[in-house]
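Student: I have a structure to read and would like to go through it feature by feature. Please give the general idea each time, then the case at hand.

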Amino acid sequence: MNLDSMTQASGEWLRGTGPEADIVISSRIRLARNLAAFPFTNRASAHQRNEIEALLRERILRLEVQPPFDYVGLSGLTPLDRQFLVERQLISRELANSEGPRGVALGAQETMSLMINEEDHVRIQVMRSGFSLDEAWQDIDRLDDLLEQRVSYAFSEEFGYLTACPTNVGTGMRASVMLHLPALVLTKEIEKVFRALQKINLAVRGLYGEGSRASGDFYQISNQVTLGKTEAAVLKEIREVIPTIIGYERKARATLTKESRQALHDRVSRAFGTLRSATMMTSEETMELLSAVRLGINLGLLEDIGIPIINELFIQTQPAHLQKLMGAPLDGEERNSARARYLRSRLRENGSALN
Amino acid sequence: MKCQSCAKAATVHLTDFVNGHKKELHLCEDCAEKQQLLKQQEVNLSSILQTVIGQHIGQLTDELGRLTCPACGVKYMEFKAEGRLGCPHDYQVFQTALEPLLQRIHRAVRHVGKKPRHGRIHAAHLKEIVELRRQLRTAVETEAYEEAARIRDLLRIKEATDEPG
């Protein structure tokens, strides 16, 4: 499979469409599954990991899905390509950085992926643009049913799907919704939201999951509990809380537009101006400025530029994407200069500030 | 000095060592609180797990210390240190120790969600695999390599035919 062909497109989940797409970036569900007959990945010998990978790969490629999955073995990839898949959220950092036989099966439009030999033997993932948890659940449930006909899952009546870590046992399901919350960050109300979510046992993480910073004002809200609740009940809890957060963000946006429109307009225009003219740009600053521009577009403060191109830039300015676009490995300084050049060229074709 | 996250004056100065590299952070109070809050969220699961396993082990140490899974050879104490189980059979072997832990993490100890309709391995078949794994470990430990090879072949056949009908 040619990873380079993926560079140009932003992948389905960054398309910028779907319900509530101005605030909800994507909905994602993952299921942790293990084969009954093998030790968990961390305890499996190199030989067993080979067997697990070969068995799963063969069964996954035979699944009745159209189009069929593409399989990418990770041991054969360069660190740059592995990082590239992490940036696209197709594999976890753990899978990218671990060793031994492991890989990922990729579905059409990058909406489905199955990681092999991560912490669990299989981690199935489905991603959807916008606020679409139910559609994501339908897809992943069907995919899980198909795989279940081909392999024997480790399952017990009492504890459900058995996983390497007891925090995932039961449904093995982690459902998350990625939100863009720039106004709540600007008005400093975001902490209140976090505290409220913590109380109802939902976790908040940054753009790239556990341990990552909430750069670009992106936040992922997900469930922690996997035992003692049905998948439907967990999805309902998340589905019910998201509109409240969307409501808070909209209210904060309305307040900003009403009470400090001038300052906001200035902030957005400066961000856009910097992105279109700077000659050195770090990844962090890019995220911050793109976030302001994204807010500006959604509030009608910038015209002639669409959300899809901004969504694309969020990912294409990440280190591995940038290096693949430039066709050469670049060190930090070179990357900052290439990133600025790329942003200038992409944004000059498009957009102007609204006066 | 200005805050690294916003334009206000930095009042909180932190030095962090990440993979041996020194990393300095200069933040205003608001941003520091925000980062701290995020950090707390992130360490949540694994730190809860470590604390809970740690607390629980107190009274049962002797008994738990001796618990070893016959299939994969993982000791309860190893699970305690690493936070990861060795094989699916561990849930049965460590059941009494795991249940209070699951109660703390999930506020529940029984699964009520989806069940596989096909793919459930036959109990007798699983038992056989667990027994073969135990024999294999003994063979390797006693350096009975021919015996180990024979068991490995048997296991391979069992696992390869592990496709439900």
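Student: How many salt bridges are there over all chains?

Tutor: Some conventions come before the count. This is a predicted model, in which local features need pLDDT of at least 70, side-chain atom pairs count only at pLDDT 80 or more, and totals for chains, interfaces and linings use all residues. Residues are numbered from 1 along each chain as its sequence is written, chains are lettered from A and ligands numbered from 1 in the order in which they are written, and side-chain values use heavy atoms, with hydrogens and water left out. Side chains of opposite charge can pair when their charged atoms come close. The rule here asks for a side-chain nitrogen of Lys or Arg within 4 Å of a carboxyl oxygen of Asp or Glu. By this rule the count comes to 29 salt bridges over all chains.

Student: Where do A:Arg253 and A:Glu249 lie, and are they buried or exposed?

Tutor: Helices are DSSP runs of H or I with at least four residues, strands are runs of E with at least two, and both are numbered from the N terminus. A:Arg253 and A:Glu249 lie in helix α7 (residues 231–259) of chain A, four residues apart, about one turn of the helix. Their salt bridge has its closest N and O atoms 2.6 Å apart. For burial, under 20% relative accessible area is buried, over 50% is exposed and anything in between is partly exposed (1.4 Å probe, protein chains only). Both A:Arg253 and A:Glu249 are buried.

Student: Which residue forms a salt bridge with A:Glu58?

Tutor: The partner is A:Arg62, with 2.2 Å between the closest N and O atoms. A:Glu58 is partly exposed because its relative accessibility is 34%, and A:Arg62 is partly exposed at 38%.

Student: What distance separates N from O in the salt bridge of B:Glu147 and B:Arg150?

Tutor: It is 3.2 Å. Helix α6 (residues 145–160) of chain B holds both B:Glu147 and B:Arg150, three residues apart, about one turn of the helix. B:Glu147 is partly exposed at 34% relative accessibility, as is B:Arg150 at 43%. Elsewhere, salt bridges with shared partners link A:Arg33, A:Asp141, A:Asp144, A:Asp145, B:Lys114 and B:Arg117 into one network.

Student: How is chain B divided into domains?

Tutor: The bounds come from an automatic or database domain assignment. Domain 1 covers 1–41, domain 2 covers 45–106 and domain 3 covers 120–161. Contact means heavy atoms within 4.5 Å, and six residues of domain 2 of chain B are in contact with four residues of domain 3 of chain B. Buried area is the accessible area (1.4 Å probe) that two parts lose on being put together, summed over both. Between domain 2 and domain 3 of chain B this area is about 400 Å², with carbon and sulfur atoms giving 65%. In domain 2 of chain B, the residues losing the most area to domain 3 are B:Pro70, B:Ala71 and B:His89, together 80% of what that side buries. The count of salt bridges between domain 2 and domain 3 of chain B is zero.

Student: What is phi of A:Gln109?

Tutor: Most residues other than glycine have a negative phi, and most peptide bonds are trans. Phi of A:Gln109 is near 55°, a positive value in a residue other than glycine. A:Gln109 is in the loop between β3 (103–106) and β4 (112–116) of chain A. As for the peptide bond, A:Gln66 and A:Pro67 are joined by a cis one, with omega about -10°.
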